[in-house]
Amino acid sequence: MHNFAFVAKDEIEIGTALKMDIKPWSRQRRFTSGELPSRREVIDRIVSISDERTRFIAAFMYLTGCRVGEMVRGNDGLPTVVRENVFKDGEYHDCLKFTLRNEKNPHKEFKVKILPVKICEDQELCNVIISLIRYFSHVPGKRRIEQLLSDSIGWNPHFLRHLRLTDLATRKKFTDQQLTRWAGWSDSRPARTYIKYRYEELL
């Protein structure tokens, strides 16, 4: 299986994936699983962040796979997160339900994303959100978020987003439509690339 993320051709140190400066889609290339941190490595790096506010931001951004601008509180009161039982697949699940604005989708019906995360499936990072929720009202602006993440874990927000979308496509077996809705894309073409790499393992 080829897990991947998209990163700029000239901005990555292979194997360490430190301080990536993600560029527009046309200048990015695919990286295979051996060049990406594992899910375990991602979680360990986030929970080991010493600054509590930065740890909260990193956990929030990874779990939601949100864009950095969607992390910043707007006049609409978004984003929000609540803990509640969500009915799915015939039963109720203890979830963190994230509600975020969708910055890039022009369709009115998709201006808001509602993303339920089962606590039992992402226990460690959900615990970070729950225990540090007081920092939700102290999230800084986009540039400061980028700096905090770069200084603490060596990744920028866009790379963290791609790691999460890769995880959803490979570990959780999201369909292209599920991944499109979660990521907030206006069409499913980006999602199909993730799905294609998941199924290559079967060939």
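At what angle do the axes of helix α2 (residues 52–64) and helix α4 (residues 123–131) cross? Select both helices in this predicted model. Their axes cross at roughly 130 degrees and come within 9 Å. Angles over 145 degrees would count as roughly antiparallel, and 65 to 115 as roughly perpendicular. The α2 and α4 pair is therefore oblique. Turn the view to check the hand: α2 passes α4 in a left-handed crossing.

Next, select helix α6, residues 157–170. Now show the surface around α6. This helix is mostly covered, with 13 of its 14 residues buried.

Stay at the start of α6 and show N156 and H158. A side-chain oxygen of N156 reaches to within 3.0 Å of the backbone nitrogen of H158.

Last stop: the cysteines. Select C95 and C120. How far is the sulfur of C95 from the closest cysteine sulfur? The distance is 7.7 Å, to C120. The structure holds zero disulfides.

Is C95 buried or exposed? C95 has 2% relative accessibility, so it counts as buried. C120 has 61%, so C120 counts as exposed.

Conventions:
Residues are numbered from 1 along each chain as its sequence is written. This is a predicted model: local features need pLDDT of at least 70, side-chain atom pairs count only at pLDDT 80 or more; totals for chains, interfaces and linings use all residues. Side-chain values use heavy atoms; hydrogens and water are left out. Helices (H or I, at least four residues) and strands (E, at least two) are DSSP runs, numbered from the N terminus. The expected span of a helix is 1.5 Å times one less than its number of residues. Buried means under 20% relative accessible area, exposed over 50%, partly exposed in between (1.4 Å probe, protein chains only). A polar contact is a pair of N or O atoms within 3.5 Å; within protein, one must be able to donate a hydrogen and the other to accept it, and residues adjacent in sequence count only if both atoms are side-chain atoms. A disulfide is a pair of cysteine sulfur atoms within 2.5 Å. Axes are lines fitted to C-alpha atoms, for helices over the stretch in contact, and angles run from 0 to 180 degrees between N-to-C directions. Angles under 35 degrees count as roughly parallel, over 145 as roughly antiparallel, 65 to 115 as roughly perpendicular and the rest as oblique. A crossing is left-handed if the near helix is turned anticlockwise from the far one by less than a right angle, and right-handed if clockwise.
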